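Me: I have a new structure open and would like to learn how to read it. Can we go feature by feature?

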Amino acid sequence: MTQQAETLSPSQLERAVDQVIQSRKSVKVIGDVDAIPEIPEDFFAKVQEAMKVSGWAPFHYMAHASHLDREMNSPVPWRFYALDHQNCLRLIDALIEHPELGLTKNAAILRMIAAYGALVIVTWLPEPENCSGEEGATRCAMKNEEHVAAASAATQNLLLAATARNIDSYWSSGGVLREKACFDICKIPEQERFLGAVFLAPDMPDREGVRPGKLRDSRGTPDQWMTSVEI
């Protein structure tokens, strides 16, 4: 991405970035667990490329040391857990096997997992809960806000990088994917906090069950949410 950007003039780079931002849209697909779409063989490789470039998000504080004693030990305060299509299908079966979740194969979240080509579960890494004193608790709360913001920036980067690669995306609040059962299945440490589930699919305009993002055209005009401050 950096090498490509260096070959563009400033005006070309500006137009390219603006186009990607404005082209990004939520594409929600409710599929059918018994009608699995065909996913191109190179699709997950493109998803991995998008995840790698997403890591250039800003972060103000490094993750607490308690999160760095494992294989994924980057100081960034977010983690991406990616499932290709075959593992998405295995996740469906594994979730159904947890009776406390009360899921059948007709559950909307499972039909969504089946319809996409990949799933990325995004977590953020909180400060320890035993922060000492009022000042310590306040500082931990501030750091946690920064961690959530950084993880959200990385997630938005993922959506934009996906758009640039002609990949449809949907950022979901997760439903049962937030539950301990899912964390256990996906080997996500319990001290991490769920931020979102990013569903990714190759652009297939003729798919059934596609629902556009319902709030895309409800954001108003720029003058309704931005202003110039004069002092």
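Me: Which residues touch the most other members in the largest nonpolar core?

Reply: Keep in mind that this is a predicted model. The largest nonpolar core holds 34 residues. Those with the most contacts to other members are L91, L95, I109, L110, I113, L177 and F199.

Me: Which elements each supply at least two residues of this core?

Reply: Look at strands and helices together. The strands are strand 1 (27-29), strand 2 (78-84), strand 3 (118-124) and strand 5 (193-202). The helices are helix 4 (85-96), helix 5 (108-115) and helix 7 (180-185). Helix 5 gives the largest share, 6 residues.

Me: What does L91 touch?

Reply: Leave out residues up to four places away in sequence. Then L91 touches L83, I113, L119, L177, C182, I185 and C186.

Me: How many residues are in the second, separate core?

Reply: That core has 23 residues. Among them are A50, A150, L158 and L195.

Me: Back to helix 5. How many of its residues are buried?

Reply: Helix 5 is mostly covered, with 6 of its 8 residues buried. They are I109, L110, M112, I113, A114 and A115.

Me: What covers the buried residues of helix 5?

Reply: The cover includes two kinds of element. Strand 1, strand 4 and strand 5 take part, and so does helix 4.

Me: Now a strand. How many residues of strand 3 are buried?

Reply: Count along the strand: 7 of its 7 residues are buried. Then check each face. On one side sit A118, V120, V122 and W124, and on the other L119, I121 and T123. Both faces of strand 3 are covered.

Me: How many bridges join strand 2 to strand 3?

Reply: There are 7 bridges, and the two strands run antiparallel.

Me: Next, open space. What is the volume of the second largest pocket?

Reply: Start with the general idea. Rolling a probe the size of a water molecule over the atoms shows where empty space is left. In this model, the second largest pocket has a volume of about 330 Å³.

Me: Which residues of its lining are the closest to the centre of the second largest pocket?

Reply: The lining has 14 residues, and the closest to the centre are S26, Y170, G213, K214 and L215. Helix 6 (133-164) and strand 4 (167-172) each give two or more residues to this lining. By class, the lining has 5 nonpolar, 3 polar and 6 charged residues.

Me: Let me try single residues. Is A151 buried or exposed?

Reply: A151 has a relative accessible area of 0%, so A151 is buried, since buried means under 20%. A151 sits in helix 6. Not counting residues up to four places away in sequence, A151 touches P77, W78, T123, W124 and L195.

Me: Why does A141 count as partly exposed?

Reply: A141 is also placed in helix 6. A141 counts as partly exposed because its relative accessibility is 38%, between the 20% and 50% cut-offs. Across space, A141 and E129 are 9.6 Å apart, C-alpha to C-alpha, and 12 residues apart in sequence.

Me: Where is D93?

Reply: D93 is in helix 4. With a relative accessible area of 48%, D93 is partly exposed. The C-alpha atoms of D93 and Q191 are separated by 25 Å, and the two residues are 98 apart along the chain.

Definitions and conventions:
Residues are numbered from 1 along each chain as its sequence is written. This is a predicted model: local features need pLDDT of at least 70, side-chain atom pairs count only at pLDDT 80 or more; totals for chains, interfaces and linings use all residues. Side-chain values use heavy atoms; hydrogens and water are left out. A nonpolar core is a set of buried Ala, Val, Leu, Ile, Met, Phe, Trp, Tyr and Cys residues joined through side-chain atoms within 4.5 Å. Buried means under 20% relative accessible area, exposed over 50%, partly exposed in between (1.4 Å probe, protein chains only). Helices (H or I, at least four residues) and strands (E, at least two) are DSSP runs, numbered from the N terminus. Contact means heavy atoms within 4.5 Å. On a 1 Å grid over the protein atoms alone, a cavity is a set of points where a 1.4 Å probe fits but cannot get out, and a pocket is an open set with protein on both sides within 12 Å along at least five of seven lines; lining residues have an atom within 4 Å of a point. Grid points are joined across faces, edges and corners, and a volume is the space filled by probe spheres set on the points. Ala, Val, Leu, Ile, Met, Phe, Trp, Tyr, Cys and Pro count as nonpolar, Asp, Glu, Lys and Arg as charged, and the others, Gly among them, as polar. Two strands pair if DSSP finds at least two bridges between them.
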